[in-house]
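Please read the numbered points below alongside the model.

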Amino acid sequence: MPFVDLPKAPHVVLANATLPAVAVEGFSAAPEEGLVFADLVIANGRIDAILPAGTAPVALPRADLRQGMVWPCFVDMHTHLDKGHIWERRRNPDGSFMGALDNVREDRTARWSAEDVRARMEFSLKTAYAHGTRLIRTHLDSIPPQHGISFEVFSEMREAWQDRIALQAVALLPLESVLDPAAFGDIVAVTKRHGGLLGGATRILPDFEAILETLFRAAEDNGLNIDLHVDETEDRQVLTLKTIAEMKLKTGFAGSVTVGHCCSLARQEDDLAKRTIDLVAEAGLSVVSLPMCNMYLQDRHAGRTPRWRGVTLFHELAAAGVRTAVASDNTRDPFYAYGDLDGVEVFREAVRILHLDHPLDTAARVVTTTPADILGRPDIGRIKAGGPADLVLFSARRWSEFLSRPQADRIVMRNGMGIDRRLPDYRDLDPLMTK
C-alpha cells in the first residue's frame, strides 16, 4: 500500500518533502546531512516551483509527505539487459567469473533468439520502471552473429519504451576481433546504425595497445563513444586502466570514455594506484563501480572466506576529480544470481560496500546526477523547476530510515502522476526456461 494518497489533479503540491540537496537545482536552503526541506508544486506533469517547506499556496490540492523523501528517478548506467533472467535455465555452479563466462556463452549460443532476448529485456524494463528508473545503459554481447540479433531487438525496445525509460546500448565486442578488419568493421557498422557505443572487456593480450588504438581510431572516425569493462579481476598484474588512459591522451580522442569495474586498481601498491588515478583524471575518463556484482564474483574461492570487497578505489578516484557513479550490472544471470534493477537496492548496497556514508551529504549523486551527466543526459536525474515531475516518493525521512528498509511502499510519479508499481511476475518467464 502507498504511504500517502496523491491528489488526482494536474496542479498539486507535494508538501513537507525532504530532498537530497545534491539532486536539486535552483533551490537553496540550509541542508542537514545533505537534505533540504521543501514544498514541490506540480503542474501539468512538470515541477512548477520548489518552495520553502510550508509556503506553497494553500488553495491547491496537496499530499502531506510529513518530511518523507522525494528523489528524482534513477539512472542505471551499466546493465546487461540481454543476459538478464537466464539463471533458472543456466546457472553458475561455482559462482566464479570463469563459470559465468562459460555458462553465458553456452546459453547465448543455444538460446538467444530475437524472441528470447526481447521477452527478457521487456521483463527487465518493466521491473526497472516500477522501481523508478528513467535512464538505462545496457551492454549487449556482440560476438557475431549475436550483435545483429540483439541490436535489432534493442532498437525496437528503445522506441517502444522511449516515453518511460531512455535507453543506450554498448557493443560488448570480443577485443580479439578488433584487428580483423572485416569482423570489426561489421560490428562497428551495426553499432553505428543503432546509435550505440563501442565496448569490450579488457585484459592482457599480446597486441593490446594495437587493439586499443584501433578501437579508439574507429570510434573517432565513426563519431562513437566508448564504454569498456576494465580489469574485472583480483590479479594485480592486470592494470589495463593505465593503458586506456594513456591511449585516450595519445590519440586525442574527443568522445567520452567510460570504464567499469576497475577492480584490480584496488590491488596495486599505493604509488602505482595514485599514478594511475592521476592519469585517469588527466584523460577525463568516467568510472562506474558495480559493487554488488564485484562483491559476488571477486575473491571467490571454494572453501575460503573472501578477504576483500572487490570494488575499485572509488573515494580516491572521486577525490582526484574523476566522475564516479554506481550501477546494477548483471541481474539473475551467471555473473550475478540476484538483483532487480532497483536503484534503491543499488544505492543502499553501494553505501555499505563502498562506505559512502558518514557523511552521506552528496551520496545520492551516484545514482542520479553523476550517471546522468556521464551518459550525456543532464536533463535527467535532478529535481528542478521546469523539469518533468519524474519523482520517487518515500516514507523515509532520514538516511537511517531510508537505508534500513527496501522502501517497498515507495510511490513513483511520472509526468506528475503516480504509476502502477506492480512488478512483473517471474512466472511470466517460465516458458523461456523450459524450451
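1. Arg 105 counts as partly exposed, because its relative accessibility is 38%, and Asp 102 falls in that class too, at 34%; here buried means under 20% relative accessible area, exposed means over 50%, and partly exposed lies in between, with a 1.4 Å probe and protein chains only. The side chains of Arg 105 and Asp 102 meet in a salt bridge at 3.1 Å, N to O, a term that requires a side-chain nitrogen of Lys or Arg within 4 Å of a carboxyl oxygen of Asp or Glu. Both residues belong to helix 1 and are 3 residues apart, so about one helical turn separates them.

2. A note on the basis of these values: this is a predicted model, in which local features need pLDDT of at least 70 and side-chain atom pairs count only at pLDDT 80 or more, while totals for chains, interfaces and linings use all residues. Residues are numbered from 1 along each chain as its sequence is written, and side-chain values use heavy atoms, with hydrogens and water left out.

3. Across the whole structure, the search finds 28 salt bridges. One of them joins the side chains of Asp 116 and Arg 89, at 2.7 Å from N to O. This pair links distant parts of the chain, 27 residues apart, since Asp 116 sits in helix 2 (residues 114–131) and Arg 89 in the loop between strand 7 (74–79) and helix 1 (97–111); helices (H or I, at least four residues) and strands (E, at least two) are DSSP runs, numbered from the N terminus. Asp 116 is buried, at 4% relative accessibility, and Arg 89 is buried as well, with a relative accessible area of 12%.

4. A further salt bridge is formed by the side chains of Asp 379 and Arg 377, at 2.7 Å, N to O. Asp 379 counts as partly exposed, at 38% relative accessibility, and Arg 377 is also partly exposed, at 26%. Elsewhere, salt bridges with shared partners join Arg 89, Asp 107, Asp 116 and Arg 120 into one network.

5. Turning to the strands, 4 of them form an open sheet in the order 6-16-17-18, with antiparallel pairing; two strands pair if DSSP finds at least two bridges between them. Strand 6 (70–72) and strand 18 (417–418) are the edges, each having a single partner strand, and therefore one side of each has no neighbour in the sheet. Strand 6 pairs with strand 16 (residues 391–393) in the antiparallel sense over 3 bridges, and Pro 72 stands opposite Leu 391 in strand 16.
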